[in-house]
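Biologist: Can you walk me through this one? I'd like to start with strand pairing, then go on to charged contacts.

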Amino acid sequence: MAILVTGGAGYIGSHTVLSLLERGDDVVVIDNLANASRISLDRVAELTGKEPIVYIADVLDRQALKNIFTNHHITDVIHFAGLKSVSESIKEPLAYYENNVTGTLVLLDEMLAAGVNRFIFSSSATVYGNPESVPLSEQSRTGGTTNPYGTSKLMVEQILADFSRAQPDFRITCLRYFNPVGAHPSGRIGEDPNGIPNNLVPYISQVAIGKLKTVSVYGNDYPTPDGTGVRDYIHVMDLATGHLAALDCQNKGAAYKVINLGTGVGYSVIDLIKAFEKAAQTKIHYQFVARRPGDIAECWSDPSLAYKELGWKAVYNLDEMMRDTWNWQKNNPNGYNI
């Protein structure tokens with residue numbers, strides 16, 4: 001018996017594969033390496049002493065999926081594979097809908113044909129759009145997404161809800177992540193963005209290492225304690241354990257579940273910069289610039305359902321998130337491009 005992890009060489013995927021292998025699960029990975037490096041899985045094997053089985057292929061490739069389901073006794077699928085840049089999705093919406101939506105449809109179709117009926121979907125807090133209030137619970141309004149990336153996640157959630165009603169034997173969990181940061185404490189695997197990072201924490205870390213000069217802080221006039229935007233940041237290892245908890249609870253409760261994975265604590269941009277300065281023992285240069293269109297003042301989760309349904313809660317604090325990010329960055333200044 002094995003667990004299929006799509007996008008398992010990526011940032012969150014590789015940390016989850018590591019956690020699965022550490023506890024003794026057999027893992028099969030499919031990844032097209034569009035946003036990932038094979039080296040991440042080599043290092044996972046080095047850290048765990050166990051090798052995942054790896055297929056370099058796309059989830060849009062039906063034959064590759066048929067081969068996996070034929071060659072391995074897959075019991076569960078964790079679906080990370082997809083494109084993930086908000087800004088890129090605005091420029092290339094068709095690519096995002098094809099990869100994120102059609103890719104999921106192909107995967108579900110092949111699962112159905114193979115008789116595999118336990119599915120965990122990597123969703124996102126972007127499905128909440130511009131929040132009416134915080135904290136955000138699973139009952140908060142969704143929709144009003146501001147980019148094709150977020151819309152693609154929302155579309156897949158709707159597809160999964162419909163699919164669950166049509167296929168009552170399927171057990172489906174959608175995990176809505178807030179803002180993943182950090183790295184494995186070993187510093188051997190972490191986030192390795194292509195080009196200039198789109199996300200704040202990798203950008204800060206590249207300023208700290210000297211690859212970039214200054215962090216642009218978009219807006220310092222929000223109605224928040226220090227005027228900068230507030231978000232819920234969660235350590236990638238907490239996210240990984242959240243997936244393991246979801247796997248273990250697939251047969252409990254409702255057949256279709258939607259669960260937030262966050263800390264329930266909001267940190268501002270300045271909070272992050274100060275915590276990173278403490279971790280790296282260096283000054284982070286930043287400048288205030290105009291707000292970005294569509295950005296919101298604050299967004300954080302109500303993670304209580306995850307504890308109630310899965311027995312899971314985040315354990316890493318902000319200092320530990322920044323410590324592990326810096327440990328990865330200083331030991332891998334060029335990511336996996338050694």
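Biologist: In which sense do strand 9 and strand 12 pair?

Modeller: Strand 9 (residues 230–231) pairs with strand 12 in the antiparallel sense, over two bridges. Strands here are DSSP runs of E with at least two residues, helices are runs of H or I with at least four, and both are numbered from the N terminus; two strands count as paired if DSSP finds at least two bridges between them. This is a predicted model, where local features need pLDDT of at least 70, side-chain atom pairs count only at pLDDT 80 or more, and totals for chains, interfaces and linings use all residues. Residues are numbered from 1 along each chain as its sequence is written, and side-chain values use heavy atoms, without hydrogens and water.

Biologist: What stands opposite Val230?

Modeller: Ser268 in strand 12.

Biologist: And what is the strand order in that sheet?

Modeller: The order is 12-9-14, an open sheet of three strands with mixed pairing. Strand 12 (267–268) and strand 14 (298–299) are the edges, each pairing on one side only.

Biologist: Switching topic: how many salt bridges?

Modeller: The structure holds 16, taking a side-chain nitrogen of Lys or Arg within 4 Å of a carboxyl oxygen of Asp or Glu. One of them joins Arg118 and Asp76, at 2.5 Å from N to O. That pair connects strand 5 (residues 118–124) to strand 4 (residues 74–79), 42 residues apart.

Biologist: Are Arg118 and Asp76 buried or exposed?

Modeller: Both are buried, meaning under 20% relative accessible area; exposed is over 50% and partly exposed is in between (1.4 Å probe, protein chains only).
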